[in-house]
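Here are my notes for someone opening this structure for the first time. Have the model in view and follow the points in order.

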Amino acid sequence: MLVREEIEFQGRKLVLETGRMAKQSNASVLASYGKTVVLATATMSPKPKAGADFFPLTIDYIEKMYAAGKIPGGFFKRESRPSTDATLNARMIDRPLRPLFPDGFHHEVHIVITVLAFDGENAADVLGTIAASTALMISNIPFAGPVGAVNVGLVDGKITVNPTYSQMELSKLSLSIAGTKDAINMVEAGADELSEEQVLEAIKLGHNEIKKLAAFQEAFQKKAGKEKFVPEIAGPEAELKNKVVSLGTPLIKAALLIKGKKAQYDALDSAEAKVVEELEKIYTDKIKTEANMSGKSLQLILDQELAVMEKQASSIFEDLKQKMVRSCITHDKTRADQRKLDEIRLITGEVAILPCVHGSALFTRGETQALAVVTLGTGLDEQVIDGLLEDKKRFYLHYNFPPYSVGEVGFMRGPGRRELGHGALAETALLAVLPPKDVFPYTIRILSEILESNGSSSMASVCGGTLALMDAGVPIKAPVAGIAMGLIKEGDDFAILTDIQGLEDHYGDMDFKVAGTRTGITAIQMDIKISGITEEIMKQALAQAKTARMKILDVMEATIKEPRAELSENAPRIESIKINPDKIGAVIGSGGKVIKGMQEKYGVTIEIDDDGTVKVASTDGPSLKACLEEISDLVTEVEVGRIYKGVVEKIVDFGAFVAVPGGKSALVHISELSDQRVGRVEDVLSVGQEINVKVKGVDGQGRISGTLRGL
């Protein structure tokens, strides 16, 4: 059955449709906003995933280049792996949807959002969230939605919901939020040092609009919705649960008093092993008594029953750990490492720790450590974004998370979704303080290597990245620090944690990262595991984060107070001159011969903009200066009567051709070689000889005549 509904939303039509496309999925929704169109499908496996103790949700966000009227680049001319932006969009859609599936639901769910048309003005990412939520709502898949999503900007001082891309170019805020009609459950933002109050106001206004989207989806569900599937979620037997709680509680309590991540985790693993070992003894005796048999049949039953028991016991033990960690915080107001709720771990910072590089820093907070390295390049090093929107980036931050950082053995592959997401967040946090291109014409790359991790390595990357930028001499507007806030919520009671560590992130309800300067916020990212949080919680978390941010900035500024006055000696120097755009061809030469020759001769990099700006980069000052002089000579218009330094290019019977500025040659007739009579040109000049030549005249065809007489 074809169902199509539309509403007016922020001055544009939002249309939802089902029943025409992709009908073999559990549900599909075609959504359009302006002329941007996405297709979202939701598909569920008929049975739970074998052996799964987690919810196997996969969300793919697919950009088709035809959506923007483009043919993919590369050799094969077809879409391959998702772009970084597509991967980040998939993560952003996953985060508000995942908490709304029932606990213990282990059927595989696959959501695919495909961008079918993109008008260059209306964002496909928030439309994809709306379409995915609606598909889940009308499907038989259990889901406690709906979820709405909007983008919010600050354009000309006014908070604007769902601004167009052209409006966002002028915005001081790039905020994406998602949530239900009752609460916000996802926030992603970049800001130009906005205050906490401004950000809260934008979130509040955005949530008011999300309520309208939720109501629209509910109305659509009434017309197109299917009966919901009710999964069988079996819990462990009460007897086993009581035994695990009885045996495990004192062991977990003792382990949580141990300081240090590795020692504490080892103690918790040991506690679980002891509980399982004790239960195996109890259940072995029980099964032998009840089975009343022996031999292979008894051993087979034992193996099967004990395997089931061990899996259930481990699950109960995990729940018990979570309950005890949370109880210590909410009731005892203490944390697993004995810190106060608003206490930050020990912070240290070091700079200039690596030779040869352009800037480096080591930032350590507790057991989380980031090595940040800055490399400065030219415009040729800008990253070209080949997506639905073409773009170039002169600043990018890459984040690596090797397995040794958490004491594990693993494969070193390319960056996954997590690495891309953490790198993008840290990049956004620092973008607001970078100098403009006309002030600092460098391409900037930061690489954050996570050497240790026990919570919030992305915020350590922000802090380490700031220190490395200042060490490199990049004139940033202000230092940026980041902090991760956590939440434990039990009913109406809640506790907000400053600087969460891994255990608190894993067992807590929120990971709320806030980065900014002393003036204001530059980036926010919020992920939660519950259905949503209130404005009161968000307000308190932002206030607590601001206090922590100031303390971290104190430590960072004690390490290095401001950017170094000079760039690292290892970094290239970039100088520029402005030439007449009509002379660009003279600098480039036929087939690039002239520019390539100068780059090889002086060991420099040369860039030429369409407006005639020529940038020369080199680590060798004299070579850079000599190259600039040659470029200047190439484009200089010769003046009659002026004396220039030239090189003899060619000798003929009647004179010599001498290279002069502007890429031209002056003919010096044999009669002009000397005040005295000259019999042969070779008696006075030789090819390659440097001489001074005076321009005698320029004819109507631009031919130059010169003289050496009187010099």
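1. Let's begin with a pair of partners: L667 has S705 in β29 as its bridge partner. The two strands involved, β27 and β29 (residues 704–707), run parallel and are joined by 3 bridges. Strands here are DSSP E runs of at least two residues and helices are H or I runs of at least four, numbered from the N terminus; two strands pair if DSSP finds at least two bridges between them.

2. Before going on, a word on what you're looking at: this is a predicted model, where local features need pLDDT of at least 70 and side-chain atom pairs count only at pLDDT 80 or more, while totals for chains, interfaces and linings use all residues. Residues are numbered from 1 along each chain as its sequence is written, and side-chain values use heavy atoms, with hydrogens and water left out.

3. Back to β27 (residues 664–669), which is also joined to β26 (residues 655–660), this time antiparallel, by 6 bridges. V660 has K664 in β27 as its bridge partner. The hairpin of β26 and β27 has 3 residues between the strands, and G662 takes a positive phi near 90° there.

4. Now find the open sheet of 8 strands, ordered β8-β7-β9-β10-β21-β20-β18-β19 with antiparallel pairing. Which strands stand at its edges? They are β8 (158–161) and β19; each has a single partner strand, so one side of each lacks a neighbour in the sheet. From one strand to the next, the twist averages 15° (axes are lines fitted to C-alpha atoms, for helices over the stretch in contact, and angles run from 0 to 180 degrees between N-to-C directions).

5. Within that sheet, β10 (residues 184–194) and β21 (residues 521–528) run antiparallel and are joined by 6 bridges, with L194 opposite I521. Helix α1 (residues 84–97) packs on the sheet and touches β9 (173–179), β10 and β21, its direction making about 130° with that of β10. Contact, by the way, means heavy atoms within 4.5 Å.

6. Helix α9 (residues 457–472) lies across β18 (481–490) and β20 (510–516), running at about 160° to β18. The helix has 16 residues and reaches 22 Å from its first C-alpha to its last, close to the 22 Å expected at 1.5 Å a residue (the expected span is 1.5 Å times one less than the number of residues). How many of its residues are buried? The count is 16 of 16, where buried means under 20% relative accessible area, exposed over 50% and partly exposed in between, with a 1.4 Å probe and protein chains only. Just after α9, G473 takes a positive phi of about 85°.

7. There is also an open sheet of 5 strands, in the order β11-β12-β13-β17-β16, with mixed pairing. Its edge strands are β11 (347–351) and β16 (395–400), each pairing on one side only. β16 and β17 (residues 443–452) pair in the parallel sense over 6 bridges, and H398 has L447 in β17 as its bridge partner. Helix α8 (residues 417–431) packs on the sheet, touching β16 and β17, while α11 (residues 535–559) lies across β11 and β12 (359–365).

8. Helices α2 (residues 124–138) and α4 (residues 196–224) pack at about 35°, with axes 9 Å apart. The contact takes in I130, S133, T134, M137 and I138 of α2, and L213, Q217, E218, F220, Q221 and A224 of α4. S133 is buried because its relative accessibility is 0%. Leaving aside neighbours within four places in sequence, S133 is in contact with L97, F143, P146, V147 and Q217.

9. P146 sits in the loop between α2 and β7 (148–155).

10. A352 has a phi of about 55° and lies in the loop between β11 and β12; D499 has one of about 60° and lies in the loop between β19 (493–498) and α10 (502–507). Buried or partly exposed? A352 counts as partly exposed because its relative accessibility is 48%, whereas D499, at 1%, counts as buried.
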